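Let's take a walk through a model together, one stop at a time. Keep the picture open beside you as you read.

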Amino acid sequence: MLLSRLDVIRGILVEGLCAAVKDQPAVDQELDLPEQMKIRREKRARLLDEGKQPYPVGFERSATIAEIRARYGELPTDTASGEQAAVAGRVIFIRNTGKLAFATLRAGDGTELQAMLSLDKVGAEALEDWKRLVDLGDHVGVRGEVITSRRGELSILADAWQMTAKALRPLPVAHKPMGEEARVRQRYVDLVVRPQARETVRTRATVVRSLRNSLHDLDYLEVETPMLQLLHGGAAARPFVTHSNALDTDLYLRIAPELFLKRCVVGGIERVFEINRNFRNEGIDSSHSPEFAMLEAYQAYADYNDMADLTRQLVQDAAVALTGTHVVRYADGSEFDLGGQWRRVTLYGVLSEALGSDVTVETPHARLVELAAKHDVSVDPKWGPGKLAEELFEALVVPGLVAPTFVFDYPEETSPLTRAHRVTPRLTEKWDLYVQGFELGTAYSELVDPVVQRERLVAQSLLAAKGDPDAMQLDEDYLRAMEYGMPPMGGMGMGIDRLLMALTGLGIRETILFPLVRPE
RNA sequence: GGGCUGCUAGCUCAAUGGCAGAGCUGCGGACUUUUAAUCCGUAGGUUCAGGGUUCGAGUCCCUGGCGGCCCA
């Protein structure tokens, strides 16, 4: 009874306190922290009490760990180099003995160097401070002589050390993999702990740089076009909607840069590309992210055959940038050969093979429905024959397309921005590139006739009016641009995240540094 | 959208419906050549949340939350 009354009083006090300190948190929450976090906070406080900085403004380094390793990699076992150095890194591994302490420091580039603190070199006080105040995960700076230990480990034998940033949270156990969710939600920790995570960041940068270099070498100009758009178009996808207060109008996050890049070509930028983010308000799973990086490139006086050559070269150049050859290696150790010419098939050709029955763009809707039923592919009655053929293709053929394969010539019905096929009516000059069973890229001989384009877009906008959220809106300004004369051109698009997947075998959530996750 | 499955200590994971545990991490101690150091001692829990069944629930049932896998 008494207890509960005390609890009530305490509750009132706590409530009052909370209200009072709402704007200055942290301090009063310490009671609830796990032991290890409390201890680290205490060490931070102890540093301050002793007049030392837990977060000094800097640390004068004489060399990076990588430089020390490069210079003294060959230093024989148990040797003093004579060189004094000052290095900094994160403590990732610590071994303290009575009068000699070891720690492994890791720099941001992943290079590591052992620090040694011996009683006779660094002194009793500094050694005691080290053992008392340094935890796994802390950033420290160490000054001393570059030596090798008796076991041959390149080390810095400290004359002095200094905390450069005290870590208040313990690192996860380095030798057990973090759960996938923790890796994605706290990528910064993943990067600290897992070399592969850091490697993936570098790999991605290498690939993107390679794409830019290849395109620059081919005289393509890089541009940046709007992310915020008044109308949504350039692809069939559901957009995110946002709002401009200044214009008091809704805006769309772009689903594709296509229509703006083509405006560039109208204006005379005959080879143009953009590498940037697109946003699609659709499913989120291991192969789909709502925001994804995309390369699109357009070239005047090229067609979809030229774009196939370009795409293959871009991918092969990226492979060379990574491995020096056209063969890439996946994390599971398997190799994947992207070299040589790539298989080129037609949509209706491979579909006919898979169905065991000839189909063309002229095959009636009812016949396709019949074939779908025969092959256990469920269909939506709203789909036209073109869409139906594509769905059958995706279900029956795509999973088997492991080696890079260009699939040519799609039905007009599903490709409103594509030029009509030069030979076969009702087909368009479009290919999709498949690798490892997923779509890596696409290209068209672009539709440049403004009259035909208007008909197609009007049809799309009618679909949109009927409630198809994927359908494009009628973009009058784009049509106006076309009416000034759009040269014949080829255009291609390739997902950067997908390209990384193809080159590394990783899941999309590993190729994206900070993928969107549900709020915790 | 459907099916399956997971959520337990800072991290990775155990625990027939019957005392909630291990390894690493942490803390205290020993150790001047360690490499996931070793040795001795020790602490650490709202078992995702809420409800139900039961003498008794981490475990069984229901609802919800957050993941993962498979399918559409």
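Start at S149: an N or O atom in its side chain sits 2.4 Å from a base oxygen of RNA strand B. Before going on, some ground rules. This is a predicted model, where local features need pLDDT of at least 70 and side-chain atom pairs count only at pLDDT 80 or more, while totals for chains, interfaces and linings use all residues. Residues are numbered from 1 along each chain as its sequence is written, chains are lettered from A and ligands numbered from 1 in the order in which they are written, and side-chain values use heavy atoms, with hydrogens and water left out.

Now look around the RNA. RNA strand B is surrounded by 36 residues, and the closest are F93, R95, S149, R151 and R518 (a residue is near a strand if one of its heavy atoms lies within 4 Å of it). Of the RNA atoms that come within 4 Å of the protein, 56% belong to sugar and phosphate. At N96, a backbone N or O atom lies 3.2 Å from a base nitrogen of RNA strand B.

Which element gives the most to this surface? That's α2, with four residues. Helices (H or I, at least four residues) and strands (E, at least two) are DSSP runs, numbered from the N terminus.

Next, find E83 in strand β1 (residues 80–96). E83 is buried, with a relative accessible area of 19%. Buried means under 20% relative accessible area, exposed over 50%, and partly exposed in between, using a 1.4 Å probe and protein chains only. The side chain of E83 makes a polar contact with the side chain of R71, at 2.8 Å. A polar contact is a pair of N or O atoms within 3.5 Å; within protein, one must be able to donate a hydrogen and the other to accept it, and residues adjacent in sequence count only if both atoms are side-chain atoms.

Finally, helix α8 (residues 195–217) has 23 residues that should span 33 Å at 1.5 Å a residue, and its end C-alpha atoms are 32 Å apart, which agrees. The expected span is 1.5 Å times one less than the number of residues. Among the buried residues of α8 are A197, T203 and L211. Just after α8 comes D219, with a positive phi of about 65 degrees, although D219 is not a glycine. Is D219 buried or exposed? D219 is exposed, with a relative accessible area of 62%.
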